[in-house]
Number of protein chains: 2
Amino acid sequence: MKTCAHKHTGKKQELASLTGRLRRESRKITGPRAAILEILRHYPHPLTNKEIFAELPKGSCDLVTIYRAMQMLEKLGMVKRFDFGDGTARFELVGEGDDGHHHHLICTRCASVVEIEECFPEEIERRIAIANGFTGVTHRLEFFGVCPDCRK
Amino acid sequence: MKTCAHKHTGKKQELASLTGRLRRESRKITGPRAAILEILRHYPHPLTNKEIFAELPKGSCDLVTIYRAMQMLEKLGMVKRFDFGDGTARFELVGEGDDGHHHHLICTRCASVVEIEECFPEEIERRIAIANGFTGVTHRLEFFGVCPDCRK
DNA sequence: ATTTAAGTTGCAAACGATTTGCAATTAAAC
DNA sequence: GTTTAATTGCAAATCGTTTGCAACTTAAAT
């Protein structure tokens, strides 16, 4: 039940390391995939599929291909899906070995995002699990507020 | 920045109290609305619009009317919207004065829901806000795990 | 280098949740 | 009762996401 042992060092992963992970799973390295990974590895924050699409050299690939790529990458544990509550999924690249579990602080005015190190206290989570007889408990947690720039 | 001063006593609200709140906002008490509130006040857990629709005596009202009612009730602060990450909004009636802020523990197998008293520690949240220069910080938090019944 | 089989892609169409336009209806005040 | 603003139902539109399918590559086998 390790939940918070991530070190969010924001260091870019090598593209070779990423394609290697794909190859190991007998996935093909295609133009679209390389392009998508290339975008992801340069961004420190979660991106929506549309945002990835917009960053991609136009014509690189179809939006649907991005949806399919993200589904697959998520299944392989190479990206983590985040939900900011606006009905649009966001994805962030996850380092090898890391489970990607962490949280964000989102500005409700301008939607800027800050990666957060803090996590829900394990001890309290454990207590909640036990009190209700649940096993394998995790959580989804995001913070919202007004950022310095938007505070006018 | 009070976030967790709720008492989740699960006690049903009087229908009269609910309609009173509507009246005060010069909202009309209609058949559909009374029926919807009637359902909500009997359920201790968040319901989707479809679930409310299903509980309603058939023909009571259109699904769209429920969507509109929930939008309005949310704006008046009479219901709170929750997001369990499955792309479907859920609503729970909120007591007068209460802001409805609380969390849930959801079974990933059978989707059963437990209301949770615990909240993210205010002190840590304050620290996060200050560290990043944000104001008016809150959070969205839900727990997921396998319930006793599903643990087989 | 050529073949081959599995994995991929684009495009159109399908989906599910939610919203919107609009004319017909109704609650509540006069 | 009349009047007026709020509300409803129904159809159609939106938005994010998924799926069907035929054409097309990648990577492994020959």
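Predicted model: local features only at pLDDT ≥ 70, side-chain atom pairs only at ≥ 80, totals over all residues.

Biologist: Fine. How many helices and strands does chain A have?

Modeller: Chain A has 5 helices and 6 strands. Starting at the N terminus, the order is α-α-β-α-α-β-β-β-β-α-β.

Biologist: And what size of box do its C-alpha atoms fill?

Modeller: Roughly 50 × 45 × 25 Å, taken along the principal axes. The accessible surface of chain A is about 8200 Å², and carbon and sulfur atoms account for 52% of that.

Biologist: What share of chain A counts as buried?

Modeller: 41% of its 152 residues. As for contacts in chain A between residues at least 6 apart in sequence, 56% of them link residues at least 24 apart.

Biologist: Charges, quickly: how far apart are the mean positions of the positive and negative ones in chain A?

Modeller: They are 5 Å apart, with 24 positive and 21 negative charges in the chain.

Biologist: OK, on to the sheet. What's the strand order?

Modeller: There's an open sheet of 6 strands, ordered E5(A)-E4(A)-E6(A)-E6(B)-E4(B)-E5(B), and the pairing is mixed.

Biologist: Why is one side of each E5 strand left without a neighbour in the sheet?

Modeller: Strand E5 (113-116) of chain A and strand E5 (113-116) of chain B stand at the edges, and each has a single partner strand, so one side of each has no neighbour in the sheet. From one strand to the next, the twist averages 20 degrees.

Biologist: Within chain A, do E4 and E6 run parallel or antiparallel?

Modeller: Parallel: 4 bridges join E4 (residues 103-107) to E6 (residues 135-146) in chain A. Across that pair, A:Ile106 stands opposite A:Phe144 in E6(A).

Biologist: Which strands does helix H5 of chain A lie across?

Modeller: H5 of chain A (residues 122-132) lies across E6 of chain A, and also across E4 (103-107), E5 and E6 (135-146) of chain B. This helix runs at about 130 degrees to E6(A).

Biologist: And H5 of chain B, what does that one touch?

Modeller: H5 of chain B (residues 122-132) packs on the sheet and touches E4, E5 and E6 of chain A as well as E6 of chain B. The angle between its direction and that of E6(B) is about 130 degrees.

Biologist: Switching to single residues. Where does A:Glu51 sit?

Modeller: A:Glu51 is in helix H3 of chain A, residues 49-55. Its relative accessibility is 32%, so A:Glu51 counts as partly exposed.

Biologist: What is A:Glu51 in contact with, leaving aside neighbours within four places in sequence?

Modeller: A:Pro46 and A:Arg90.

Biologist: And how far is A:Glu51 from A:Ile130?

Modeller: C-alpha to C-alpha, the two are 40 Å apart in space, and they are 79 residues apart in sequence.

Biologist: Last topic, backbone angles. What's the phi of A:Ala111?

Modeller: A:Ala111 has a positive phi of about 65 degrees, although it is not a glycine. A:Ala111 is in the loop between E4 and E5 of chain A.

Biologist: Is A:Ala111 buried or exposed?

Modeller: A:Ala111 counts as exposed, because its relative accessibility is 52% and the cut-off for exposed is over 50%.

Biologist: What about B:Ala111, what phi does that have?

Modeller: A positive one of about 65 degrees, and B:Ala111 is not a glycine either. B:Ala111 lies in the loop between E4 and E5 of chain B, and B:Ala111 is exposed, with a relative accessible area of 53%.

Conventions:
Residues numbered from 1 in each chain as written. Chains lettered and ligands numbered in written order. Heavy atoms only, no water. Pairing = 2+ DSSP bridges. Helix = DSSP H or I, 4+ residues; strand = E, 2+ residues; numbered from the N terminus. Axes fitted to C-alpha atoms, helices over the stretch in contact; angles between N-to-C directions. Contact = heavy atoms within 4.5 Å. Buried < 20%, exposed > 50% of the residue type's maximum accessible area, 1.4 Å probe, protein only. Areas by Shrake-Rupley, 256 points an atom, 1.4 Å probe, with all protein chains shown as cover. Lys, Arg positive; Asp, Glu negative; His and termini not counted. Charge placed at Lys NZ, Arg CZ, Asp CG, Glu CD.
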